Amino acid sequence: MGDSFQVMTNNIPTRREIENLRVYVPGKSIEETQKELGLERVIKLASNENPFGFSPLAKAAMMLEMEHIHLYPEGMAHKLTEKLGNRLHVDRGNIIVGNGSDEIIRLLTRSYMQAGDEAVLADVTFSRYETNILIEGGVPVKIPLIAGVHDLEGMLNAISDKTRMVFICNPNNPTGTIVEKRLLQAFIHNVPKRVLVVIDEAYHEYVTDEAYLQTIPFIGQYPNLVILRTFSKVYGLAALRVGYGIMHQSIVRELAKVKEPFNSNRMAQAAAIASLDDVSFVNLCVRKNAEAREILCAEFDRMGLKYFPSQGNFIMVHLRHSGDEVFQALLKQGIIVRSGSFFGYPETIRVSIGTEAENLEFITELKKIIE
Ligand SMILES: *Cc1c(COP(=O)(O)O)cnc(C)c1O
């Protein structure tokens, strides 16, 4: 019966826009790898997760919140937006919370793009922009990175009458690079006001370079500016799915029409609120990440490997070998990274920065494979 079920098919057509879309391929999971390879110890450095976990304050808040999960959550996440607003010096009405910042990307394309509209983005950048543009029948206009960095001039020149939004991923996933402060500020200023400038700052806490632009003060000045942030990375709440966008109130009102009424759940809201109080946890993670980033880069230098200068919690390194092969070889040793072939850089891997012990294991195994 199982077999006949497998071969059964139907000819129900989907929307034309999704015919050629592929399902997102996430980083390989620890459980999957343990099962496939019969390994006890598996180190996952594939999805830019926080190797130090999450704040104990978040755990305590979730334990309390558990008592209320029979009740729908607060749909606009008022307590969380209030707290974020105070922290970021913007009005609560400038913030919308999503089921991950992935959802905010979806809400933006859903609300602002029609078939045939264009959106400008980097080639290569976070893949969710392109997928969501395509779902709406939009046209992704992809401008190649220059040495791993967004080509802001090229992106500005690519804006046409049909452009509805521009995506800047800063730091960029997968290269980890940032765009220079003054260049980004000029870019925001020069993009026509009818085009949304979406700046994805999923990794902004990890940035140590002073050439990074603090964008939130510009929210009041540019009603077409949208900033995306998340609790999935430095706050370590990836599984709870909670992110947010900061933007003009009129954009929040449009996105609110389109979102599911209860898009972020009670556990997520409670954990996010509590996490904001644990500044020392965030500072510790940021400091450890910056130290490890330097150590890893020094190791790559010693091995004669080139890499993109990263300001995130991951590094894309050039191997002069097939990224797929190195990925497989590392996997056999229980270390999961991401092959650059997924991103269109076949001779690279992207490695997330782990704990000191994890990074050491990774470097030791990489040396064995490459030498
Ligand atoms: C991880 C990541 C996100 C966060 O996604 P969530 O849906 O909030 O978990 C957003 N943008 C980029 C570029 C990322 O790498």
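Colleague: In which strand is E118 found?

Modeller: E118 lies in strand β3, residues 118–123. Helices (H or I, at least four residues) and strands (E, at least two) are DSSP runs, numbered from the N terminus. Bear in mind that this is a predicted model, where local features need pLDDT of at least 70, side-chain atom pairs count only at pLDDT 80 or more, and totals for chains, interfaces and linings use all residues. Residues are numbered from 1 along each chain as its sequence is written, and side-chain values use heavy atoms, with hydrogens and water left out.

Colleague: How far from E118 is the nearest side chain of opposite charge?

Modeller: A salt bridge is a side-chain nitrogen of Lys or Arg within 4 Å of a carboxyl oxygen of Asp or Glu. Lys and Arg count as positive and Asp and Glu as negative, while His and the chain ends are not counted. Buried means under 20% relative accessible area, exposed over 50%, and partly exposed in between (1.4 Å probe, protein chains only). E118 is buried without a salt bridge, and K162, the nearest side chain of opposite charge, is 4.9 Å away. Leaving aside residues up to four places away in sequence, E118 touches residues including V139, K162 and R164; contact means heavy atoms within 4.5 Å.

Colleague: Why do the buried residues of α9 line one face of the helix?

Modeller: An α-helix has 3.6 residues a turn, so residues three or four places apart point the same way. In α9, residues 249–258, the buried ones include I251, V252 and L255. Viewed down the axis of α9, its buried residues fall within an arc of 100°, so they line one face. That arc is taken from the directions from the helix axis to the C-beta atoms. Exposed R253 and K257 sit on the face turned away from the buried side of α9. The cover over its buried residues includes β2 (95–98) and α5 (101–112).

Colleague: And α12: which of its residues are buried?

Modeller: Helix α12, residues 323–332, has G323, V326, F327, L330 and L331 buried. Down the axis of α12 they fall within an arc of 140°, so they line one face of the helix. E325 and K332 are exposed on the other side. Among the partners that the buried residues of α12 pack against are α2 and α13 (356–370).

Colleague: Which residues does L37 touch?

Modeller: L37, in helix α2, touches L331 and K332, not counting residues up to four places away in sequence. L37 is partly exposed, with a relative accessible area of 35%.
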